[in-house]
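User: Could you take a close look at the aromatic side chains in this model for me? I'd like one connected walk-through.

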Amino acid sequence: MRPLLAAVLALAVGVPALPSYAQSPELIFRRSTVFRLLSPNDKLATYGIDDPEVEGVACHFTVPEKGGWAGAFGFAEQLSEVSLACRQIGPIRFKSRSSQGDVVFREGRSFFFKRVQIVRGCDARRNVLVYMIYSDKLIDGSPQNSTSTVPIMPWGQQAEIARCGDFIS
């Protein structure tokens, strides 16, 4: 009975932290913000991801991570404050067509149905990719968000510039 209980508990704690997409964010660094003597500190963590559908764009986001024993075991409600910066890091190539607001990244942020998401859109008139990060919850969402834009520019010897409006509708 104990092995079964241990397996169920491990699954319950681990599942909310799994990303919904194949890409896991790459931890760039963490910085402690609140010192706790006997348990893990509260931290800010900065992660990097590549847009899975738009080659040549990378995003970095910073999220708070609750410490304490509840945070260490995945039971703490994570804060909704997030920040985002996306940049062109090479020639931009669209891998497929997508829709305004398609999810680039999604990850669980707490045991109780809270997640952080990055979505992508296109400002076709200005030929700019628009990324927004926000957190949501099963019942109450959060108005806390951050937006970053990536103007599509020539890169190196690239002759033709992609138009986001041709791929995102």
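Analyst: Happy to. Rings of Phe, Tyr and Trp (its six-membered ring) count as a pair if their centres lie within 6.5 Å; planes under 30 degrees apart are called stacked, over 60 edge-to-face, and the rest tilted. By that rule the structure holds 3 aromatic pairs.

Before the details, a word on the source: this is a predicted model, in which local features need pLDDT of at least 70 and side-chain atom pairs count only at pLDDT 80 or more, while totals for chains, interfaces and linings use all residues. Residues are numbered from 1 along each chain as its sequence is written, and side-chain values use heavy atoms, with hydrogens and water left out.

Let's start with Phe 61 and Phe 105. Their ring centres are 5.5 Å apart and their planes stand at 40°, so this pair is tilted. Phe 61 belongs to strand 3 (residues 54-65) and Phe 105 to strand 5 (residues 102-108), so the pair ties together parts that are 44 residues apart in sequence. Strands here are DSSP runs of E with at least two residues, numbered from the N terminus. Both Phe 61 and Phe 105 are buried, where buried means under 20% relative accessible area, exposed over 50%, and partly exposed in between (1.4 Å probe, protein chains only). Together with Tyr 47, Phe 61 and Phe 105 form one aromatic cluster.

Now for another pair. The rings of Phe 94 and Phe 167 have their centres 4.7 Å apart and their planes at 10°, so they are stacked. This pair also links distant parts of the chain: Phe 94 is in strand 4 (residues 83-94), Phe 167 is in the segment after strand 8 (145-151), and 73 residues separate them. Phe 94 counts as buried because its relative accessibility is 12%, whereas Phe 167, at 27%, counts as partly exposed. Phe 167 has a charged neighbour as well: Arg 97 lies over the face of its ring, 5.6 Å from the ring centre. For that label, NZ of Lys or CZ of Arg must be within 6 Å of the ring centre and within 35 degrees of the ring normal.

Finally, have a look at Phe 35, in the loop between strand 1 (26-34) and strand 2 (42-50). With 66% relative accessibility, Phe 35 counts as exposed. Gly 67 is 32 residues away from Phe 35 in sequence, and their C-alpha atoms are 8.9 Å apart in space. Leu 38 sits in the loop between strand 1 and strand 2 too, and at 69% relative accessibility Leu 38 counts as exposed.

Terms used
Helix = DSSP H or I, 4+ residues; strand = E, 2+ residues; numbered from the N terminus.
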